[in-house]
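Welcome! Take a look at the structure, then try each task before reading on.

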Amino acid sequence: KMKEINDKKAKLIYDVMEESDNNGFYLCPVDKNVRSIMNVRFRIKNDSDLEKKFISEAEKQDMFNLKGHRSLGGCRASIYNAQPTENCQKLAKFMREFRKANQ
């Protein structure tokens, strides 16, 4: 049951990157076959300034710790077991809004 929930949470975020209107805005640097369901990594147009803006605007909506690992850069959503599905839905919605405003 927990794996089912975690798969669903990760899918909410990965789906944003795979939507037809994404047009390369969000980039997932991890091959689809080995993607993590606990740490969802992504870049935003490989543009570190846009990623900083994303992180800053997310924090204003009470979404924290989205900065990627210092050696990898980009963004990272850590969605471990304790992270509720609602938070993943909120992040996915924010990602779509941010993309629309910054594409």
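**Exercise 1. Find the contacts of N6, leaving out residues up to four places away in sequence.**

Solution. This is a predicted model, so we are reading computed values.
- Step 1: with those sequence neighbours set aside, N6 touches I37, M38, I79 and N81.
- Step 2: locate N6 in the fold; N6 sits in helix α1.

**Exercise 2. Decide whether N6 is buried or exposed.**

Solution. 
- Step 1: take the cut-off, where buried means under 20% relative accessible area.
- Step 2: N6 has 3% relative accessibility, and therefore counts as buried.

**Exercise 3. Describe the largest pocket: what is its volume, and which residues line it?**

Solution. 
- Step 1: the volume of the largest pocket is about 200 Å³.
- Step 2: its lining is made up of D62, M63, F64, N65, L66, A77, S78, I79, Q83, N87, C88 and L91. I79, a contact of N6, is one of these lining residues.
- Step 3: β3 (75-78) and α3 (85-102) are the elements that give two or more residues to this lining. The most comes from α3, with 3 residues.
- Step 4: sort the lining by class, and you get 7 nonpolar, 4 polar and 1 charged residues.

**Exercise 4. Work out which residues of α3 are buried, and what covers them.**

Solution. 
- Step 1: the buried residues of α3 are T85, C88, L91, A92, F94, M95, F98, R99 and N102.
- Step 2: their cover includes α1, β1 (26-27), β2, α2 and β3.

**Exercise 5. Explore the largest nonpolar core: which members touch the most other members?**

Solution. 
- Step 1: this core has 25 residues, and I13, Y26, I44, F54 and L91 touch the most other members.
- Step 2: two or more residues each come from α1 (2-18), β2 (39-44), α2 (48-60), β3 and α3. The largest share, 6 residues, belongs to α3.
- Step 3: Leaving out residues up to four places away in sequence, F54 touches Y26, F42, I44, L66, C75, L91, F94, M95 and F98.

Technical notes. Residues are numbered from 1 along each chain as its sequence is written. This is a predicted model: local features need pLDDT of at least 70, side-chain atom pairs count only at pLDDT 80 or more; totals for chains, interfaces and linings use all residues. Side-chain values use heavy atoms; hydrogens and water are left out. On a 1 Å grid over the protein atoms alone, a cavity is a set of points where a 1.4 Å probe fits but cannot get out, and a pocket is an open set with protein on both sides within 12 Å along at least five of seven lines; lining residues have an atom within 4 Å of a point. Grid points are joined across faces, edges and corners, and a volume is the space filled by probe spheres set on the points. Helices (H or I, at least four residues) and strands (E, at least two) are DSSP runs, numbered from the N terminus. Ala, Val, Leu, Ile, Met, Phe, Trp, Tyr, Cys and Pro count as nonpolar, Asp, Glu, Lys and Arg as charged, and the others, Gly among them, as polar. A nonpolar core is a set of buried Ala, Val, Leu, Ile, Met, Phe, Trp, Tyr and Cys residues joined through side-chain atoms within 4.5 Å. Buried means under 20% relative accessible area, exposed over 50%, partly exposed in between (1.4 Å probe, protein chains only). Contact means heavy atoms within 4.5 Å.
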